[in-house]
Amino acid sequence: MRDSRYDILFEPTKIGPLTAKNRFYQVPHCNGGGYRDPSAAAEMRKIKSEGGWGVIFTEQCEMHHTSEITPFIELRLWDDNDIPQLRKMSERMKEHGALAGIQLAYSGINGPNLYSKEVPMAPSALPIRTFTNDPVQARALTKRDIRDLRRWFVNAAKRSKEAGFDLINLYGAHGFGIFQHFLSRATNQRTDEYGGSLENRARFSQEVIADIRDAVGDTMAIALRVSLDETIGELGFSNAELRDYVEMNKDLPDLWDLAQGTWEDCSGPSRFKAEGAQQELVRGIHELTDKPIVGVGRFTSPDVMAKQVRSGVLDFIGCARPSIADPFMPKKIEEGRIEDIRECIGCNICITGDMTMSISRCTQNPTFMEEWRKGWHPEKMNPKGDSDNVLVVGSGPAGLEAAWALCRRGYQVAVAESRTEIGGRVTRECKLPGLSEWGRVVDYRQYQLSQRSDVDIFLDSKLSADDIMEFGFENVAIATGATWRRDGVARQHVVPMPMSSDAKVYTPDDLMDGDIPEGKVIVFDDDHYYMGGVMAELLAKNGADVTLITPAAYVSDWTRNTLEQVAIHPRLVEAGVDIVLNRGITKVAADHVVSNCVYTQYTQKFDADAVVIVAGLEENNELYEALMEREGEWEDAGIKSVKLIGDANAPGPIAWATYAGHRYARELDSEDIGDDLPFRREITAVAVD
């Protein structure tokens, strides 16, 4: 039964001519599927409708071929041929009473047009701004171009209506939308009636919204997503100017969608952004308009959500990442099951799907984007197979997720953990600087398993192959994790690097065990995800003189895909870490390392009292290998299967481990599919000549 404190979140709320059934609003978010995987994206949105969201939006939808962001994969609405796949999505969104919204995007200065080969257009002639620094420049829109662009928006709005959408979101935030480009003095340097004063810079948005209203009448609502603050000083669109813009145009859209000026600021990871981080930028804006406001802030707490509405800051609780981590969050709050919410940990692994042009993942919700491809439902499991019980060895993210999914299928599960606490790598890593919220991966599963009578967890239980052979479990999942390598094997070194026997060499495991070196410490990062930067930060906080050396051109290079890199580098500089890029390490001596330039091989010596090697990981698969050697004895021992999962099989991010655990549980006792694909996919139809 719902807690009355949260009643306000379930009040029907008007958006122009429409009424949302509650205040839960899934703001537009990408998913790596876009036009390539429309059914996967549609089913993912449908699950959110089932989960109780009142408003559900697509990701950004390119509304004209003259502005596209290849290689990134979003939706497209270039002509009528795109309508059927979008109609499928809108129908799925509305199956359980949600309003269906589409975000129309004209990327302007962010659209290199690598596929369409059209010349990009923007308010002013400036180089294209993309994550890949494409060597392309946009030309300034002429007044005739602006008239064309207005017509293209009208065409897209009409197609959106035909595709069955209720709301249109006009994208003008995160630096990605043409509306922000017109509003910002940084990208609008025009001297005509579309540039200069705020009144002039607002003209384009006023005209487009008026045009769309005339085209679609009162059957659709229009939301305008605008930047809260570009955070680039007087040159940009500041929070003060936003407030002037809202006051000047208080009745312009049916809803104001307010988001931070850059994607990195708006969707910053939990390491750098707390829940509700944008509240102060939004506070007071409602005094300037009577139209409803939606804002974001990685909201996971219903208390925080209710306070946002009760205090008059927001009318709708905007969620992207939390709606991915738990599509059923609204329903769980409504049913009084807030302890069952899978809270977003803010790791931003979901964003990497968009950044790497691949199907997205979620650390907390391994069913994300597998709803159609594999038929996985986040709250429902497939029935139990022929066997009855499973032993899971290891209680890290793979083991815990496997146990949680297996017991829901109906298996009796035992979890054996060699340490005195569960959680594996997550329990260790969440104690590192900035990673505390990652502990939710363990907290959620630990609580859920504690409520089950069909799961037993045994701590301080290191098992041998003999032990397992004697137990009589039908199925055994080995989730024993991995260990950081001390020998430097990773990308620069495919064999152990030369190291003096007198050198003091540490790994992240040593530091997580509390063995933290002092003095002048070199951190060698050949992993390139978060761990190298975190180790450097930890050492600096403990008073060490830290130099981080990496062969990459960026600190924690892969975190550019999680929007963390731009925050990690300054954090380390502020901590006093000396950063050395584009250099490897060729030798570790007792009191120094020899570093080589990755381009010229020129070497340089760096003094060091100790070296922390953040390189590859080695699978802890000895137990698995021992069991496989005795496969001939399994039948007598009652064993039907032994499976290696998670980091013990192949180390990767935590999301890879939870996915592996979930997949194991789903597929246990399933029919052998042979060489068939283990997922569904869509193939482009061949055109008839």
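Pro71 is found in the loop between strands S4 and S5 (75–76). This is a predicted model, in which local features need pLDDT of at least 70 and side-chain atom pairs count only at pLDDT 80 or more, while totals for chains, interfaces and linings use all residues. Residues are numbered from 1 along each chain as its sequence is written, and side-chain values use heavy atoms, with hydrogens and water left out. Helices (H or I, at least four residues) and strands (E, at least two) are DSSP runs, numbered from the N terminus.

**Backbone details**

- Most residues other than glycine have a negative phi, and most peptide bonds are trans.
- The peptide bond that joins Thr70 and Pro71 is cis, with omega of about 20°.
- Asn113 has a positive phi, near 60°, and is a residue other than glycine.
- Asn113 lies in the loop between strand S6 (99–105) and strand S7 (121–122).

**Helix packing**

- Helix H14 (residues 397–409) packs with helix H23 (residues 654–667) at an angle of about 30°, and their axes are 7 Å apart. That makes H14 roughly parallel to H23, a term for angles under 35 degrees.
- Axes are lines fitted to C-alpha atoms, for helices over the stretch in contact, and angles run from 0 to 180 degrees between N-to-C directions.
- H14 passes H23 in a right-handed crossing. A crossing is right-handed if the near helix is turned clockwise from the far one by less than a right angle, and left-handed if anticlockwise.
- Residues in this contact (heavy atoms within 4.5 Å) include Ala398, Ala402 and Ala405 of H14 and Ala657, Gly661 and Ala665 of H23.
- The contact of H14 with H23 has nine nonpolar, three polar and five charged residues. Here Ala, Val, Leu, Ile, Met, Phe, Trp, Tyr, Cys and Pro count as nonpolar, Asp, Glu, Lys and Arg as charged, and the others, Gly among them, as polar.
- H14 also packs with helix H16 (residues 440–450), at an angle of about 35° and with axes 10 Å apart. The crossing of H14 and H16 is left-handed.
- Among the residues in contact are Leu400 and Trp404 of H14 and Val441 and Tyr444 of H16. The contact of H14 with H16 has nine nonpolar, one polar and two charged residues.

**Cavities**

- On a 1 Å grid over the protein atoms alone, a cavity is a set of points where a 1.4 Å probe fits but cannot get out, and a pocket is an open set with protein on both sides within 12 Å along at least five of seven lines; lining residues have an atom within 4 Å of a point.
- Grid points are joined across faces, edges and corners, and a volume is the space filled by probe spheres set on the points.
- The structure holds seven cavities of 30 Å³ or more.
- The largest cavity has a volume of about 540 Å³. It is lined by 41 residues, of which Cys30, Tyr171, His174, Phe176 and Trp263 are the closest to its centre.
- The second largest cavity holds about 100 Å³ of space. Of its 13 lining residues, Cys344, Cys347, Asn348, Cys350 and Cys362 are the closest to its centre.

**Second largest pocket**

- The second largest pocket holds about 840 Å³ of space. Of its 32 lining residues, the closest to its centre are Lys374, Lys643, Arg663, Tyr664 and Glu667.
- H23 gives the most to this lining, with eight residues.
- The lining of the second largest pocket has 15 nonpolar, seven polar and ten charged residues.

Technical notes
Angles under 35 degrees count as roughly parallel, over 145 as roughly antiparallel, 65 to 115 as roughly perpendicular and the rest as oblique.
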